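Trainee: I have a new model open and want to learn how to read it. Can we go through it together?

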Amino acid sequence: MIDFRYHLVSLISVFLALAVGIVLGAGPLGDNLGTQLAEQVEQLRGEQEQLRTEADELQTRNDQLASYVSESGPELVADTLPGQSVALLTDGDSTRTATEQVTSLLEGAGVSAVVEIRLRSDLWDPAQEQRRAEAADEIRSIAPALLDPELEGPAQLAAIVPALLAEDPSGELTQELRTQVWQVLVDHQLIALTDGTPGVVEAVVYASAAPETFVLAGEAEDLAAERAQNLLSAQTAVLTSLAATSVPAVVSAATPANDSSTGILRTVRGDAGFDQLSTTDRLQEADGPILSVLALIEQVRGGAGAYGTTADAAERVPPLPAPTAPADSEGEDAAPSDGGEG
């Protein structure tokens, strides 16, 4: 058995260690440690304040740039798209304020006609599968070539919209057929047209809201997931069809919290199949509409890019357009003046 003296020695050692710790903690060691901790806390507080100040300064600069671009918008785009016809695609009424501003800017740019086409929620609503099937059957009887057999449901019908707006190389898709197909989509409440039946256009702007805009409060989880998947399928089909038409096009999206990872931009940016499309974020911000129109001007002139402030944007603002050169007396573009003598 262990002798009682060993227990006594152990207890004495513990109490001695405790006493030494108390003495040192209450003495110079404690003062030194407390001072170090206080200094570190003060340093961290100063760094936090500096970071907050820098963030505020950056936000102020960004707001100033956005205000400048927004206020200068009409002057920047004036007469840059003379005589063009443009289709403005939207996801329902979700971007109404922004699209009204885009329309105003396009008209100021000299666009002769802005046709607005709203994709309605029945296009992706899980409860409207029968309505979509009936619409597809009617279109199949009118213009079967418009229906991609590799697609189905919302994607198959959504892909038709850009195809109706583009030239048909075969010449088989007459304006009469286009009108009939548009009417089928309208009658089945899959789209809404605000400016009559569209014909062939020379450019397209697709304005999309953030995905959370389409969430229905209280909807069952499985139905909500199906709705989100249908919406994504429809949007992806529109993008793919747009890219296939070679019509100059810009995809503009609302990006709350400066996040493009959950919306339509996640699909198009970074995918080589959509490189010919331009994209802009910040549609919900003051400078969002002018970013869209500036990007469209670049598209019409043969360029493309990804613009805005989200992490996947390549540049903040599209190149500012040079004025359209007037034609000389022989019908050729006049050469820009270099400031020298003629």
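Predicted model: local features only at pLDDT ≥ 70, side-chain atom pairs only at ≥ 80, totals over all residues.

Trainee: Where is the place of Thr310?

Mentor: Look for strand β7, which covers 306-307. Thr310 lies in the segment after β7.

Trainee: Is Thr310 buried or exposed?

Mentor: Buried means under 20% relative accessible area. Thr310 has 4% relative accessibility, so Thr310 counts as buried.

Trainee: What is the separation of the C-alpha atoms of Thr310 and Asn258?

Mentor: Along the chain, these two residues are 52 residues apart. Asn258 is also among the residues that Thr310 touches, not counting those up to four places away in sequence. Others in that list include Asp259, Arg269 and Asp281. The C-alpha atoms of Thr310 and Asn258 are separated by 5.4 Å.

Trainee: Which side chain joins that of Thr310 in a polar contact of 2.7 Å?

Mentor: A polar contact needs a pair of N or O atoms within 3.5 Å. The pair here is at 2.7 Å. The partner of Thr310 is Asp312.

Trainee: Now Ser208. Is Ser208 buried or exposed?

Mentor: Ser208 sits in strand β4, residues 203-208. Its relative accessible area is 0%, so Ser208 is buried.

Trainee: On to the helices. At roughly what angle do the axes of α3 and α10 cross?

Mentor: Two packed helices are described by the angle and the distance between their axes. Helix α3 is residues 96-108, and helix α10 is residues 288-300. Their axes come within 9 Å. The crossing angle is roughly 45°.

Trainee: Why are α3 and α10 called oblique to each other?

Mentor: Angles under 35 degrees count as roughly parallel, and 65 to 115 as roughly perpendicular. The axes cross at roughly 45°. The pair is therefore oblique.

Trainee: How many nonpolar residues does the contact of α3 with α10 have?

Mentor: Val102 and Leu105 are among the α3 residues that meet α10. On the α10 side, Ile290 and Leu296 are included. The contact has two polar residues, no charged ones, and nonpolar residues numbering eight.

How values were computed
Residues numbered from 1 in each chain as written. Heavy atoms only, no water. Axes fitted to C-alpha atoms, helices over the stretch in contact; angles between N-to-C directions. Helix = DSSP H or I, 4+ residues; strand = E, 2+ residues; numbered from the N terminus. Parallel < 35°, antiparallel > 145°, perpendicular 65-115°, else oblique. Contact = heavy atoms within 4.5 Å. Nonpolar A, V, L, I, M, F, W, Y, C, P; charged D, E, K, R; others polar. Buried < 20%, exposed > 50% of the residue type's maximum accessible area, 1.4 Å probe, protein only. Polar contact = N/O pair within 3.5 Å; in protein donor to acceptor, adjacent residues only side chain to side chain.
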